[in-house]
Every structure is written in structure tokens, then in C-alpha cells.
Amino acid sequence: MLGLPYNHTTEAPATFILVGIPGLQSSHLWLAVSLSIMYTTALLANTLIVTIIWMDSTLQEPMYCFLCVLAAVDMVMASSVVPNMVSIFSSGDNTISFNACFTQMYLVHAATAVESGLLLAMAFDRYVAICKPLHYKRILTPRVMLGISVTITIRATVFMTPLSWMVSHLPFCGSNMVLHSYCEHIAVAKLACADPRPSSLYSLIVSSIIVGSDVAFIAASYILILQAVFSLSSKNAQLKALSTCGSHVGVMALYYLPGMASIYVPWLGKDIMPVHIQVLLADLYLIIPPTLNPIIYGLRIKQIRNRTWSLLMHCLFKHSNLGS
């Protein structure tokens, strides 16, 4: 592969070499700058969301708790791949150790599974708040919230641990060059000497179950929400609710569509989509949602926006007073 000699040894390679985005090497520096800006924005915005919700005792409703967990997961998901990508794109430092590669693989897949579950939980929260407002506190009790969070975590662990185990125990005896910018499991499994189809099939089935069920329930929640919204007599209330729902659906589309492309396109053949587009989509769906989620889900909420403004003003005035 890529002109490297084939090595007939079954020992696992000490390192893998991440190519980056095949065919777009000339754009790597521009991509490094863009990813750095988005990653910095994601870290700052999500840290701000977590800090505000954690410090403010009035923001302890289920919606804010789910948002806090989502912000933390977003930081884990982005941090597991973006610093490594920036290093590859900017300096050409594209080696990753065997253990680090499979740790990254597990973190990426577990975090994406948790994020999908959280998006479903947040859609359910909005459904209860809008369609059953009088029963909101009775339905979403702290015990129910804890159960939802634990279930989401267990689901990600149970489904994704076997995938990383299956790929990490494949025999690697050829090229160690991964045609990707992070240790995406299909790109790594293709380097194995054994048949990678069992792990790839497992990934396809599990991903289809998780994404398919979550998207179906999210769609059902928002259909019921829209039905409730259109029954409102106030046009302003309808427009406000539609604006909120539209922004939420937009973020979910940016998360699920590239993810679904990375799941199904490799099974449909290379002719469906060029490799560099596949890799680029897989990269973007790990950084765009963490960048946009705190803006769409957080700063659009009036309470969080007000607390953010108060915190920033406090920090600015405190800094100016210290300076004088």
C-alpha cells in the first residue's frame, strides 16, 4: 500500500502513520488553522457552559443538566482527535502508537454514542416541557435523569468496547499507513492481514441500531412538539418555538448526516464518494457539533445568556479595578 514493502510478520506495529486527508495534502495548513479556531471556540464555549450551569443553583433543571453533560462529552470528543489532527496538518507529525491509536478509537466511538443518546434525551426533555408542561417535574425527576444518563453510558460502553477489542486483536503484518486523519476503525481494520469484515459488519449493525433508533425517536419527539406548537394561538410563540426547533434540527443534521455517511459509504464502494470527502466529513462531524452545540443549545437560552453576560461583566470590571 502506497508503495511500502509488505512485511510478513504478525507482530503488531509499534506505531501507525496517519496520512491526514488523502489528496488534500496541499490544504493541510489551511485545515490546521480552521480546526484550531473551531477547537479553541469549542473548548472555551463548552467550558463556559459547564461553569455557569455548575455554579448557578437556579440552573438545575433537567434541560440544563443534560446540556452540561453534553458540553463535557463534546470536549472529550473533540479533544480525542483534534489536537492530533492539527499536529498532522501543521507539522507533519503523523505517528501514533499502537495503544494510543486504539484508545483514540474507543474514545471517539464511545463519545459519539453518548452524544447521540444525549441528543435524544434533550429532545425528550423538550417534548415533556412543551407537550406535558404540568407533568414536567413529575416525569423528569432526578432519579429518572440519573437513570437516563446511566443507560446512555452503559449503552455506549457495551456496544463500543467489543468493536475496539475486535479491531485491536486483528493481526497487522503489512503497511502501517492509515488513510485517515485519526484512528477510524474501518481505515485501521483495512490494514489487517485477517478478514476485517466481522468488525466492520459489527460496527455497521451497532451504528445502525443506535443512530436509527435515536433519530427515529428524536423525529417523533419533534413532530409531537411541532403539533403542539401549531396549536398555539400566539403567532409570536409559534415563531419562537419554530426558531428553536429549527436550530436544534439543524445541529442534529450536521451531526447525524456526516456520521451516517461515514458509516454507510465504505460499504457502498469507493465510487460513491471520493476518499478525501469521506475523511473530511468524518473529521468535521467530530468538531462542528462541539463548536455549535454551546451556541445553539446554550447561548440561545435566555437564562444561560444572562448568566454568561453577568459573568463576563464581573470578570471585566474585576480586571479593570485590579488594573487601576
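User: What are the secondary structure and the end C-alpha separation of residues 201–225?
Analyst: Residues 201–225 are 100% helix and 0% strand, with the end C-alpha atoms 36 Å apart. Helices are DSSP runs of H or I with at least four residues, strands are runs of E with at least two, and both are numbered from the N terminus. This is a predicted model in which local features need pLDDT of at least 70 and side-chain atom pairs count only at pLDDT 80 or more, while totals for chains, interfaces and linings use all residues. Residues are numbered from 1 along each chain as its sequence is written, and side-chain values use heavy atoms, leaving out hydrogens and water.

User: Which residues does UniProt list as "transmembrane region"?
Analyst: The unreviewed UniProt entry lists 29–52, 64–86, 106–124, 144–167, 201–225 and 277–299 under that name. UniProt positions follow the numbering used here, feature names are shortened, and annotations may be inferred rather than shown by experiment.

User: And what does the model show over residues 29–52?
Analyst: Residues 29–52 are 100% helix and 0% strand, and their end C-alpha atoms are 35 Å apart.

User: How do α6 and α8 cross?
Analyst: The axes of α6 and helix α8 (residues 197–230) come within 9 Å and cross at roughly 160°. Axes are lines fitted to C-alpha atoms, for helices over the stretch in contact, and angles run from 0 to 180 degrees between N-to-C directions. The two helices, α6 and α8, are therefore roughly antiparallel; that word applies over 145 degrees, with under 35 roughly parallel, 65 to 115 roughly perpendicular and the rest oblique.

User: Which residues of α6 and α8 meet there?
Analyst: Contact means heavy atoms within 4.5 Å. Among the residues involved are Arg155, Val158 and Phe159 in α6, and Pro198, Tyr202 and Asp214 in α8. By class, the contact of α6 with α8 has 11 nonpolar, 3 polar and 2 charged residues. Ala, Val, Leu, Ile, Met, Phe, Trp, Tyr, Cys and Pro count as nonpolar, Asp, Glu, Lys and Arg as charged, and the others, Gly among them, as polar.

User: Changing topic, how many disulfides are there?
Analyst: The structure holds 2 disulfides, each a pair of cysteine sulfur atoms within 2.5 Å. One of them joins Cys101 to Cys183, with an S to S distance of 2.0 Å. The link of Cys101 and Cys183 is left-handed, at -120° about the S-S bond.

User: Where in the chain do Cys101 and Cys183 sit?
Analyst: Cys101 is in helix α4 (residues 98–131), and Cys183 is in the loop between β3 (177–178) and α7 (185–189). The pair is 82 residues apart and links distant parts of the chain.
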